[in-house]
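Please keep the structure open while reading.

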Amino acid sequence: MVGSRSWIGGLLYRSGNKRHGEKTLDYSLSPLQEKRLQRLQERLQVPFDETRPDHQEALKALWQAAFPNTILRGLISEQWKEMGWQGPNPSTDFRGCGFISLENLLFFARTYPVIVQARRQASQLGIPVCCCWHQCFVYVNSDVGFVFSTISPLTEKPRSLQGLNFIKILSDEEAFDVLYCIAFEMMDAQWLAMHASYMQFNEVLQVTRTQLERELSLEDIHRIQDLPAYNLLYQ
């Protein structure tokens with residue numbers, strides 16, 4: 001999901017869209033939606049700290065979820081390259097995206113283990129997949145996670161249908177984490193459909209971003225499950 005970190009902020013608060021022209025949306029956040037958005041903003045403010053025991057445990061949990069039958073020899077280990085990280089210390093990438101980036105990936109691995117294991121096994125067998133965990137994770141997190149640091153105050157109403165729908169789906173406590181998983185799978189599907197190479201990575205990311213914006217513009221979106229791409233998680 002390539003682009004400015006202010007993408008989601010723009011999604012929520014830019015005015016108008018092609019389908020609704022100058023129509024003004026009359027919508028106020030419910031107490032639950034305000035709570036969910038506030039919680040999301042709080043999560044985004046937590047930096048990744050490799051010296052914190054809970055952050056260390058989260059890293060270990062990620063490894064266990066991806067390689068349940070292999071013991072991790074250390075938080076800094078050449079083993080991490082087996083997951084697709086470019087170096088022996090994944091903390092260097094998590095520091096750039098915050099702790100929420102690790103939470104997102106751990107949620108993905110725990111909630112959709114079949115997908116994660118299939119991706120890992122396909123990669124080991126040389127079967128085409130989107131890309132390594134490292135690149136896919138870094139780029140998805142940069143726009144579906146860390147970008148929320150620029151969201152406007154909660155008192156400001158969303159001014160586009162996309163922003164309104166995003167607020168609606170936040171009524172589900174896990175909606176943002178599921179949205180991350182959806183974006184991950186959308187990017188994988190685009191990668192395969194375009195027969196992309198690493199040189200086309202940014203192009204794939206842009207197409208994925210456009211597709212996600214289009215789905216958030218649909219008029220019948222009330223839950224995260226209403227997004228058409230949600231089905232990618234169960235194919």
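This is a predicted model: local features need pLDDT of at least 70, side-chain atom pairs count only at pLDDT 80 or more; totals for chains, interfaces and linings use all residues.

A residue counts as buried when its relative accessible area is under 20%. By that criterion 10 of the 13 residues of helix 5 are buried, so helix 5 is largely enclosed by the rest of the structure.

**Overall fold**
- The chain has 10 helices and 0 strands, which read along the sequence as α-α-α-α-α-α-α-α-α-α.
- Of the 235 residues of the chain, 52% count as buried.
- When contacts between residues at least 6 apart in sequence are taken, 76% of them join residues at least 24 apart.

- The buried residues of helix 5 are F99, I100, S101, L102, N104, L105, L106, F107, F108 and A109.
- Helix 9, with 19 residues, reaches 26 Å from its first C-alpha to its last, close to the 27 Å expected at 1.5 Å a residue.
- Just after helix 9, H195 takes a positive phi of about 50 degrees.

**Packing of helix 5 against helix 9**
- Two packed helices are described by the angle between their axes together with the distance between those axes.
- The axes of helix 5 and helix 9 come within 9 Å and cross at roughly 75 degrees; since angles of 65 to 115 degrees count as roughly perpendicular, the two helices are therefore roughly perpendicular to each other.
- On the helix 5 side the contact is made by I100, N104, L105, F107 and F108, while helix 9 contributes F176, D177, V178, Y180, C181, F184 and E185.
- Sorted by class, the contact of helix 5 with helix 9 has 9 nonpolar, 1 polar and 2 charged residues.

**R43 beside this contact**
- R43 lies in helix 2, which runs over residues 31-44, and is buried, with a relative accessible area of 13%.
- Leaving aside residues up to four places away in sequence, R43 touches I100, E103, N104, F176 and D177; of these, I100 and N104 of helix 5 and F176 and D177 of helix 9 also take part in the contact between helix 5 and helix 9.

**Aromatic pairs**
- A search of the whole structure finds 9 aromatic pairs.
- In one of these, the rings of W63 and W80 have their centres 5.4 Å apart and their planes at 75 degrees, so the pair is edge-to-face.
- W63 lies in helix 3 (residues 53-66) and W80 in the loop between helix 3 and helix 4 (91-97), so the pair ties together parts that are 17 residues apart in sequence; both W63 and W80 are buried.
- F108 and Y180 also form an edge-to-face pair, at 6.4 Å centre to centre and with 80 degrees between the planes.
- This second pair links distant parts of the chain, with F108 in helix 5 (residues 99-111) and Y180 in helix 9 (residues 175-193), 72 residues apart; both F108 and Y180 are buried.
- F108 and Y180 belong to one aromatic cluster that is formed by F108, Y112, Y180, F184, Y230 and Y234.

Technical notes: Residues are numbered from 1 along each chain as its sequence is written. Side-chain values use heavy atoms; hydrogens and water are left out. Rings of Phe, Tyr and Trp (its six-membered ring) pair if their centres lie within 6.5 Å; planes under 30 degrees apart count as stacked, over 60 as edge-to-face and the rest as tilted. Helices (H or I, at least four residues) and strands (E, at least two) are DSSP runs, numbered from the N terminus. Buried means under 20% relative accessible area, exposed over 50%, partly exposed in between (1.4 Å probe, protein chains only). Axes are lines fitted to C-alpha atoms, for helices over the stretch in contact, and angles run from 0 to 180 degrees between N-to-C directions. Angles under 35 degrees count as roughly parallel, over 145 as roughly antiparallel, 65 to 115 as roughly perpendicular and the rest as oblique. Contact means heavy atoms within 4.5 Å. Ala, Val, Leu, Ile, Met, Phe, Trp, Tyr, Cys and Pro count as nonpolar, Asp, Glu, Lys and Arg as charged, and the others, Gly among them, as polar. The expected span of a helix is 1.5 Å times one less than its number of residues.
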